[in-house]
Amino acid sequence: MRTVYLDHAATTPLDDRVLEAMLPYLKENYGNANSPHHLGQKSKVVVEDAREKVAALIGAEPSEIIFTSGGTESDNAVIKGVLAVSGDKKEVITSELEHHAVLHTVELAKMQGVKPVLPHPEIVVPSRLRQLKNPLPKTRHWLR
């Protein structure tokens, strides 16, 4: 029986070109880019080069590119970062359908006085979207 994988939000198959590009850093040049030793400094050059390439690809500054180890770390960094600069805005709107990496981080933020807002999710089908008088606004403010 053929397998159909539908959980690409969790992990995806590795493209052969990515594997080929990464093999030298998985086998020989595996130094921690934050370490002062030779292998670490070699890796740092490669990471910074990758940061510049990604920034150029999306029209960003290299300092705006942050590499993480995966989705949970990314979710945490964004939520905590936004909360850190949100001033007196202390409500976070998310969905109870969100991944636990988001829900747990928002739940923990309650200790800093943040109020999670979890509106009941609705199932919206394309035919229902046409019936809406006011579609979603062009800009969404997630903190209010």
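Me: Why is T105 called buried in this predicted model?
Reply: T105 has a relative accessible area of 6%. Buried means under 20%, so T105 is counted as buried.

Me: What makes N76, I79, K80 and H100 contacts of T105?
Reply: Contact means heavy atoms within 4.5 Å. With its neighbours within four places in sequence left aside, T105 is in contact with N76, I79, K80 and H100. T105 itself sits in helix α4, residues 100-108.

Me: How do you know how helices α3 and α4 are packed?
Reply: Two packed helices are described by the angle between their axes and the distance between the axes. For α3 (residues 71-84) and α4, the angle is about 35° and the axes are 9 Å apart. The crossing of α3 past α4 is right-handed.

Me: Which residues make the contact between α3 and α4?
Reply: From α3 come T72, D75, N76, I79 and K80, and from α4 come A101, V102, T105 and V106.

Me: How many helices and strands does the chain have, and in what pattern?
Reply: The chain has 5 helices and 2 strands, and along the sequence they follow α-α-α-β-α-β-α.

Me: What share of the chain is buried?
Reply: Buried residues make up 17% of the 144 residues. The chain exposes about 12,200 Å², of which carbon and sulfur atoms supply 59%.

Note on methods: Residues are numbered from 1 along each chain as its sequence is written. This is a predicted model: local features need pLDDT of at least 70, side-chain atom pairs count only at pLDDT 80 or more; totals for chains, interfaces and linings use all residues. Side-chain values use heavy atoms; hydrogens and water are left out. Helices (H or I, at least four residues) and strands (E, at least two) are DSSP runs, numbered from the N terminus. Buried means under 20% relative accessible area, exposed over 50%, partly exposed in between (1.4 Å probe, protein chains only). Axes are lines fitted to C-alpha atoms, for helices over the stretch in contact, and angles run from 0 to 180 degrees between N-to-C directions. A crossing is left-handed if the near helix is turned anticlockwise from the far one by less than a right angle, and right-handed if clockwise. Accessible areas come from the Shrake-Rupley method with a 1.4 Å probe; for residues, only the protein chains shown count as cover.
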